[in-house]
Amino acid sequence: MSDGHVIKLRLSLMGRPVRNYTFEKPVISVGRDPGADVYVDNPGVSRDHFRLERAQNGEYQVVDLGSANGTFVNDQMVNTSLVHNNDVIRFGKYTLWVGYEEDRRTTPRDGRALVTPVSETAGHTVVLSRAEIGSILEQERRLETGAARAPKVVTLHSAAPDAPSAAPAKAGFPAWAGIVIGLLFGLLVGAGVLWFVLQRPTVS
């Protein structure tokens, strides 16, 4: 990247944005060292985890510094790799989205911040197993795509047209009550007709 361009980084924890950075400097350090340009106080991150170095073509390359849990670019573990626009670097439970753009600011800013961790553990780096790293990556994928793929809820009575309707019971009017009322109504009509016939005068 020539003068007038910057690299932008977006730090996220398990898919949740934590902080944005903008750099012009040729080397950017990332790790649990408080002096790192991107400082992450989390036991899954090594003190000197990796750095970003500007290459001759202007883009940056990731250089893993012998981290305990490795560095991934687009889910591929790497020792050294160029990162392009919209690439994602994963380390521990964190990700860094990478973007390149023109610098429209008059004064360059060197982003450095204390990241508030979800859990803090003082001491050495906690080594994550392959299963734990895979679980972290899978959980983040689900967070990104789960909402779009959520199935619609379909009620059973609407999906099965042959099923007996429960509408009378829901309305508080049992089916047998209708039958009883119908029989009573029929008996009343029949009794009325019989009474009418018996009351007619006979013709001699």
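## A buried histidine

The side chain of His49 comes within 3.1 Å of the backbone nitrogen of Ser46, and that side chain also reaches the backbone oxygen of Gly70 at 3.0 Å. A polar contact here is a pair of N or O atoms within 3.5 Å; within protein, one must be able to donate a hydrogen and the other to accept it, and residues adjacent in sequence count only if both atoms are side-chain atoms. His49 sits in the loop between strand 4 and strand 5, and it counts as buried because its relative accessibility is 0%. Buried means under 20% relative accessible area, exposed means over 50%, and partly exposed is in between (1.4 Å probe, protein chains only).

Leaving out residues up to four places away in sequence, His49 touches Val30, Gly31, Gly44, Asp64, Leu65, Ser67, Gly70, Thr71 and Phe91. Contact means heavy atoms within 4.5 Å.

## The model and its confidence

Please keep in mind that this is a predicted model, in which local features need pLDDT of at least 70, side-chain atom pairs count only at pLDDT 80 or more, and totals for chains, interfaces and linings use all residues. Residues are numbered from 1 along each chain as its sequence is written, and side-chain values use heavy atoms, with hydrogens and water left out.

The mean pLDDT of the chain is 76, and 63% of its residues reach 70 or more; pLDDT is the predictor's confidence in each residue, from 0 to 100. Two stretches call for caution. Over residues 154-161 pLDDT stays under 50, and the model has one contact beyond four places in sequence for them. Residues 165-171 also stay under 50, again with one contact beyond four places in sequence.

## Overall make-up

The chain holds four helices and 12 strands. These are DSSP runs numbered from the N terminus: helices are H or I with at least four residues, strands are E with at least two. Of the 204 residues in the chain, 32% are buried. Among contacts between residues at least 6 apart in sequence, 49% join residues at least 24 apart.

## The nonpolar core

The largest nonpolar core has 26 residues, and those with the most contacts inside it are Ile7, Leu9, Leu52, Val83, Ile89 and Phe91. Several strands give two or more residues to this core, among them strand 1 (5-13), strand 2 (16-23), strand 5, strand 10 (88-91) and strand 11 (94-102). A nonpolar core is a set of buried Ala, Val, Leu, Ile, Met, Phe, Trp, Tyr and Cys residues joined through side-chain atoms within 4.5 Å.

Apart from its neighbours within four places in sequence, Leu9 is in contact with Arg19, Asn20, Tyr21, Phe23, Val38, Leu52, Leu96, Trp97 and Val98.

## Aromatic rings and charges

The structure holds four aromatic pairs. One of them is Tyr21 with Phe23, a stacked pair at 5.9 Å centre to centre and 10° between the planes; Tyr21 and Phe23 are both buried. Phe50 and Phe91 pair edge-to-face, at 5.3 Å centre to centre and 75° between the planes. That pair links distant parts of the chain, with Phe50 in strand 5 and Phe91 in strand 10, 41 residues apart. Phe50 is buried at a relative accessible area of 0%, and Phe91 counts as buried because its relative accessibility is 0%. Phe50, Phe91 and Tyr94 form one aromatic cluster. Rings of Phe, Tyr and Trp (its six-membered ring) pair if their centres lie within 6.5 Å; planes under 30 degrees apart are stacked, over 60 edge-to-face and the rest tilted.

Two arginines sit over rings. Arg10 lies over the face of Trp97, at 4.7 Å from the ring centre, while the charged end of Arg19 is over the ring of Tyr21, 5.3 Å from its centre. For this, NZ of Lys or CZ of Arg must be within 6 Å of the ring centre and within 35 degrees of the ring normal.

Arg54 is found in strand 5 (residues 50-54) and is partly exposed, with a relative accessible area of 32%. The side chain of Arg54 reaches the backbone oxygen of Glu24 at 2.7 Å. Arg54 and Lys25 are 29 residues apart in sequence and 8.2 Å apart in space, C-alpha to C-alpha.

Met14 has a phi near 50°, a positive value in a residue other than glycine. Met14 lies in the loop between strand 1 and strand 2, and it counts as buried because its relative accessibility is 12%. Asp75, also not a glycine, has a positive phi near 70°. Asp75 is in the loop between strand 7 (71-73) and strand 8 (76-78), and it is partly exposed, with a relative accessible area of 27%.
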